[in-house]
Amino acid sequence: MNSKIPSPIPQSAIRNPHSSAPHSSAPQSAIEYRDPNDLRPHPKIKDLPRWIKDSTEFNALVEDIRDHGVQQPAVITADGLVMDGETRRLACKQLQVDIPCVVRPEADLINICIASETLRRHLTKSQLAFKYYPLIREVFIERELHDATARTVRKFVPRDFSAVRELSKQVSEFALRLGISVRLLEQAHELHQLFDAEPRLWPWTSDGAKRNLEILGRDVHYDVTFADYFGSCIMHPDIAMSLGGALEALKQKLSQLDHKHTGNKPAPKSPDDPLGDTPSKQLMLLNEAFKHCGNRWEYWHQLHPVERKTVLSSWHASFNIAPEEMKIELLSTTLDTLAIETLTTLRTKIAAELKQREK
């Protein structure tokens with residue numbers, strides 16, 4: 001961004017004026033100025049709650065950077081993945097100015113996030129758990145996969161829960177470092193699973209929901225997703241909905257919708273949806289979903305390794321909420337396939353060895 005004005009903050013100013021402690025006790029790399037368009041958020045922090053563009057808070061940050069420059073450099077990887085400072089990057093992008101950055105190893109991601117959070121004492125424990133759950137999500141999913149394998153595939157492998165215990169230890173250590181309970185992380189995990197299972201837009205007609213939408217500055221007449229509504233209510237300082245309260249409200253909403261759409265009377269059909277909400281339609285949708293998933297695998301090798309982990313996390317989330325019958329079938333088929341491949345490889349090696357001996 002040579003044509004743009006670099007951020008005016010001197011390189012020696014690396015502390016947040018609103019904080020009382022430095023960003024991290026780790027040694028700081030030299031500060032370098034980067035084009036915000038050349039950077040992108042690390043996949044593990046991409047979905048962390050942050051100020052919405054054009055919100056009062058975001059606009060205030062933009063004006064502060066315009067007047068005083070960036071007071072605290074963003075922390076990035078050598079590949080340009082932002083580990084801390086994504087909101088600052090977006091503000092600099094809007095202002096078309098370079099952003100000061102320091103480069104740190106990608107392995108320090110969790111340490112960086114937790115060190116950054118020590119400067120934000122205003123968050124509740126529910127908000128901390130919800131905000132930083134994405135950093136530990138893969139551990140939850142892997143733990144559930146190991147647990148499901150140990151419980152449902154005991155015909156093929158010994159029941160061994162050592163991996164489950166080790167992963168549970170990682171969750172406990174993460175909770176301890178954030179100063180929250182494991183239960184809160186488990187509630188955040190359950191919420192995200194429900195968000196993934198129901199990505200559709202829903203109407204919010206109760207008085208309480210309308211009040212919350214007004215506080216959030218949203219139009220009460222527009223439908224929003226569960227993730228958008230409950231995520232915003234949890235993180236907004238004037239609402240600060242607890243994770244337990246969000247789970248209870250979400251399950252109640254799902255129960256109402258299920259009764260409304262799939263109760264004693266089937267949902268009405270329309271000319272644009274002749275199948276209505278019927279088993280035939282659901283079978284068609286399932287088949288389409290698996291077909292589209294199969295068509296996407298050709299792009300797998302084009303993904304960054306971190307992005308592949310994100311895809312695997314989504315796949316694991318879908319697997320975890322699948323019916324037990326499907327889990328058992330998938331795991332059994334996979335084990336059978338692995339056994340066949342192993343035997344085929346072994347047979348090929350034996351044939352090659354015999355042929356070599358004949359020579």
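Author: Two strands pair if DSSP finds at least two bridges between them. Helices (H or I, at least four residues) and strands (E, at least two) are DSSP runs, numbered from the N terminus. This is a predicted model, in which local features need pLDDT of at least 70, side-chain atom pairs count only at pLDDT 80 or more, and totals for chains, interfaces and linings use all residues. Residues are numbered from 1 along each chain as its sequence is written, and side-chain values use heavy atoms, with hydrogens and water left out.

Reader: Which residue of β5 is the bridge partner of glutamate 32?

Author: Strands of a sheet pair through backbone hydrogen bonds, either parallel or antiparallel. Here the partner of glutamate 32 is cysteine 101. Strand β1 pairs with β5 (residues 99-103) in the antiparallel sense, over three bridges.

Reader: In what order do the five strands of the open sheet lie?

Author: The order is β1-β5-β3-β4-β2, with mixed pairing. At the edges are β1 (32-34) and β2 (40-41), each of which pairs on one side only.

Reader: Why is helix α2 described as largely enclosed?

Author: Buried means under 20% relative accessible area, exposed over 50%, and partly exposed in between (1.4 Å probe, protein chains only). Seven of the ten residues of α2 are buried, so the rest of the structure largely encloses this helix. Among them are Arg88, Cys92 and Leu95.

Reader: What covers the buried residues of α2?

Author: Contact means heavy atoms within 4.5 Å. The cover includes α1 (56-68) as well as β2, β3, β4 and β5.
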